[in-house]
There are 2 protein chains.
Amino acid sequence: MTFVKTEIRSGAYYDSVVLMHLQRSLSQQPGVSDAGVVMGTEANKDLLAQSNLLVDEARGAGANDLVIVVKGEDESSVQAAIAKVDELIAARRSGGVDQEYRSQSLESAAKRLPNAQWVLVSVPGRYAAGVARQALDLNKHVFLYSDNVSLDDEIALKQEAASKGLIVMGPDCGTAIVNGVGLGFANKVRRGPIGVVAASGTGLQQVTVRIHQMGGGLTHALGTGGRDLSEEVNAVTARQSLDLLRRDPDTKVIVLVSKPPSPKVAAELIEAARRVGKPVVVNFIGYATAMRRVDNVTFATTFDETAELAVQLSHPSGQNGGGLDPAKFSSGQRYLRGLFSGGTLAYEAQLILRDYLPTVYSNAPLKKELRLADSLTSQEHSLIDLGEDEFTVGRLHPMLDNDLRIRRLDKEAGDPQVAVILLDVVLGYGAHPNPASELTPAIAKARQTAADGGRHLEVVAVVSGTDEDPQNMADQIRALKEAGAVVETSNDVAARSVGRVLRALNQTSQAAQSPFVEVDLSAIKQPLSAINVGLDSFTESLVAQAAEVVHVDWRPAAGGNEKMMDILARMKRKA
Amino acid sequence: MTFVKTEIRSGAYYDSVVLMHLQRSLSQQPGVSDAGVVMGTEANKDLLAQSNLLVDEARGAGANDLVIVVKGEDESSVQAAIAKVDELIAARRSGGVDQEYRSQSLESAAKRLPNAQWVLVSVPGRYAAGVARQALDLNKHVFLYSDNVSLDDEIALKQEAASKGLIVMGPDCGTAIVNGVGLGFANKVRRGPIGVVAASGTGLQQVTVRIHQMGGGLTHALGTGGRDLSEEVNAVTARQSLDLLRRDPDTKVIVLVSKPPSPKVAAELIEAARRVGKPVVVNFIGYATAMRRVDNVTFATTFDETAELAVQLSHPSGQNGGGLDPAKFSSGQRYLRGLFSGGTLAYEAQLILRDYLPTVYSNAPLKKELRLADSLTSQEHSLIDLGEDEFTVGRLHPMLDNDLRIRRLDKEAGDPQVAVILLDVVLGYGAHPNPASELTPAIAKARQTAADGGRHLEVVAVVSGTDEDPQNMADQIRALKEAGAVVETSNDVAARSVGRVLRALNQTSQAAQSPFVEVDLSAIKQPLSAINVGLDSFTESLVAQAAEVVHVDWRPAAGGNEKMMDILARMKRKA
């Protein structure tokens, strides 16, 4: 025989820690087999039902009612347990954070700790926006742990913060590491040169933990909250965070992690990441990208891979070589002409160039809108595959017969808008026994034609071959260089190098007017000092990490009556 | 003053090498400034026009007419040059391949070289299918270099080959390496454990060259031709090649390169690649994938990256650890239940599992069709994010309060269809001070429940933390293991390991009935022996590589009259 007894308490506020401990304490009372202590939401009542704890009495409870259910073998034990509820709550309340760290209000805490840059907010969602607004009024950055905060509140808070040079991490920001100190849920990780910006909680934790496990270390890990990268919020916090880490001299590599954002926000953030200059590893979890790397931005698909790449990149290696100098060209020179003998090389080059030049025309284009009207006439950026069927009827492949390519090279060199000509030179059995012997006079002549017109023409040649090929690769490369060509042995490297210089030549100065006031580096560079409003354990963690902290003994104003609270808050702000 | 003289020759056949040399020789005649020797296609006439070589006389020439144009300073020089055409052609014809390697027909060549596995075909496109068909009739594999071969011919040739255990590389297969010998255009690359299957020419060359440059080496590189991966051709050659390399004991890592195939063909080939067992690096150039790795298949986006991955993977490292054993489970056990506290960990796990289990339901699903009807009730494979807002109203986050998770674990363990339970255990500041203390009794009990029902329940725990976290990670891991859990520190590794075992438990035996007769390994494992029909230079390359070769002095039958040739071919086949 089991007895179940229920008590409903309306309108009273208890924090979640108190409720968890109450439930545990009740379960451990003599003669009690199970207990439930929950707010009366539908989901919570369903959960009670699953544990056979939902009796009729509790079914009528609402979301603001506290439901206490005790199950036991005999009526008197159950009764006795229920009778102890107030005593158990009081016992818990007197525990927790040491008195010395406590303040009664955010205002008084701020006075006690005037250097505090951050306010941690972990009060229930429906009160959280109000507390965050108070913190912004006090000119504090906000770590907003609370969930169940409305999208409108999030947008308003972030807009206001951005206009004041403040940052709001969250809502639903479970974790962050600021200047070595973990906020909310955070692992203890080695300090080092990697900075993380992540939308969510455990994603950030998993990445930082794996970085640590792989021997790397972190400067900061900034959380944005799961909705930050939506079009509505428009990634305000992510942009601020990227910008902070860009300016932080100790951060050498940046990691950006988020669930897949909208394509618009994704494209803008990738663009922002490219402007950062430092290596950035982007993991838009499950967001498919055609390329794995664009300039300084590398894409990863899992947390493990993200961590691995970040650690690799944080070991300086000087991966990006010389590169072409945009300053050498005359004004008006801005176009690429690619003259390829290899179809797949031409294809890969177009694919890589797509990240640098939006429009590259071709007779073998990536998509049909980019098809040249006439294969014999280049327009703007054009890349010709001379091995296409149209050119090989009754004629040898261009890897054997350079005649067509040389005629075309001559023609392109005369175009005053052409800055770079990109060629492949494929060695190996079957190919021309000495392609350089034919190409070098043509390259030298092309460069001379440009020089005669007062221009600098860059000819970039990709030599595809091995040191064992019959042509003698080293000799081929030497001859091409002597003719003035820039020589690469990787199509990838060549296309990127060409892409970068042409992007520079075609860039209209768009200094990306920042829509928000720059966040001062002191937010992350000064020793962390914080005010915690909400969960005791967050204060305890900060104490354990030797960070300066004051805990606010927060209770909802007006006994949790939201309408009343709202009125009070407005009055306060006006004052 | 310039003079241009044109000569048109109708219906005569000359191979492209002869034409190239004729053009060069004419250009070098005294008093000649430029010359053009082309078949009279529209594209070629346009090209002549660009070089100011198209006079009215040539405009009327058709695709089967040879157009010879000579430009020079005076009429007599031009006249003299034209008069030498026959002499120049004859001079070239007597050069080229040594007499000892020559045969007059494919049949006689096959008799001279009965061991020849391969016939190389590089005759003009309109004759190529006929020669390839002859080669198949002689039970030879075909390397079909020629382009301008019709799609219908390609399909017919490949179907016929597949039904006989033969392979047709191409058409438009520029390159291949068989047993260390380069066919067509091919680089001299180190021998080693990497096998390549590639659709196209220079893509294959660039990958093999980069592998060599990075210190790696190759077994074989098989070409399929650019259209092989279309839905019409259905990747016949790619499938045969993958299968050959799967069975080749010397190939340890396989590379598969192609322009993006149709999604259907791509999915089927990836599936085939997974069945290979050996590591496979796939580069469907520009084909966006959400994941970078599925089991043994890794995706690359550029040739450089492809080569790099292949070389890395060819150094044995034992990357795949123990793994779970599908044999331990009872029949009927086939489902996963994931009980996560971390939202992003739950998200990543679903994303990774998608490659193993088509349908994983969740309360925080990847797409809305996969949303659980009721978050409290699992169905089939289910993964629950217990940190979702619905569960946290008035309740602590599951990283602090394990109560809900333990109740759910208990329930799932009682389901006889459940095989694996996947949990995360997040350590760090702010999280539960000793999660193992609560989870281990629950895990032990869950496993006991299953055992009592005669089942094996695998509980896999991802511990996310560092060795400096306040919980003592090593102790947490030890305790979880003692309770019978399999512990991983990477969400990625855990999800893949769980995915693999569940995929095995849910696989209906689909031994992928091969639609074609298996190609005998002798095609690639015996010393290469070949008959070359077409370009002299291909024979010369084979001789240079010390491969056995006979060159066929091919001329189109019936003087190149295709209707007549077709009739002759049919008569021959019937005989």
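These notebook entries record what I looked up in the predicted model of two chains.

**Conventions.** I number residues from 1 along each chain as its sequence is written, and chains are lettered from A in the order in which they are written. As the model is predicted, local features need pLDDT of at least 70 and side-chain atom pairs count only at pLDDT 80 or more, while totals for chains, interfaces and linings use all residues.

**Entry 1: domains of chain A.** The bounds come from an automatic or database domain assignment. I noted domain 1 (3-93), domain 2 (97-172 + 526-575), domain 3 (175-318) and domain 4 (326-506). The C-alpha centres of domain 1 and domain 3 of chain A are 42 Å apart.

**Entry 2: the six-stranded sheet of chain B.** Helices (H or I, at least four residues) and strands (E, at least two) are DSSP runs, numbered from the N terminus; two strands pair if DSSP finds at least two bridges between them. I found an open sheet of six strands with parallel pairing, in the order β17-β18-β16-β19-β20-β21 (chain B).

Entry 3: I looked for the counterpart in chain A and found six strands in an open sheet with parallel pairing, ordered β17-β18-β16-β19-β20-β21 (chain A). The edges are β17 and β21 (486-488) of chain A. Strand β20(A) (residues 458-464) pairs with β21(A) in the parallel sense over three bridges, and Val462(A) has Glu488(A) as its bridge partner. Helix α9(B) (residues 202-213), from the other chain, packs on this sheet by touching β19 and β20 of chain A, at about 75° to β20(A). Helix α16(A) (residues 473-482) lies across β19, β20 and β21 of chain A, at about 175° to β20(A).

**Entry 4: strand β6 of chain B.** Which way do the residues of β6(B) point? His141(B) and Phe143(B) point one way from the strand and Val142(B) and Leu144(B) the other, and all are buried. A residue is buried if 20 or more other C-beta atoms, placed from the backbone, lie within 10 Å of its own, exposed if 12 or fewer, and partly exposed in between. Strand β5(B) (residues 118-121) pairs with β6(B) in the parallel sense over four bridges, with Trp118(B) opposite His141(B). The β-α-β crossover from β5(B) through helix α7(B) (residues 125-137) to β6(B) is right-handed: with the strands pointing away from the viewer, the path from the first strand over the helix to the second runs clockwise. Strand β6(B) is also joined to the parallel β7(B) (residues 168-169) by two bridges, where Met169(B) is the bridge partner of Phe143(B). The crossover from β6(B) through helix α8(B) (residues 151-163) to β7(B) is right-handed.

**Entry 5: backbone exceptions.** Most residues other than glycine have a negative phi, and most peptide bonds are trans. I found a cis peptide bond between Gly170(A) and Pro171(A), with omega about 5°; Pro171(A) is in the loop between β7 and β8 (175-178) of chain A. Gly170(B) and Pro171(B) are likewise joined by a cis bond, with omega about 5°. Glu380(A) has a positive phi near 40°, sits in the loop between β17 and β18 of chain A, and is partly exposed with 14 other C-beta atoms within 10 Å. Asn234(B) has a positive phi near 65° and is in the loop between β11 (218-223) and α10 (236-247) of chain B. With 20 C-beta neighbours inside 10 Å, Asn234(B) counts as buried.

Technical notes
Contact = placed C-beta atoms within 7 Å. Axes fitted to C-alpha atoms, helices over the stretch in contact; angles between N-to-C directions.
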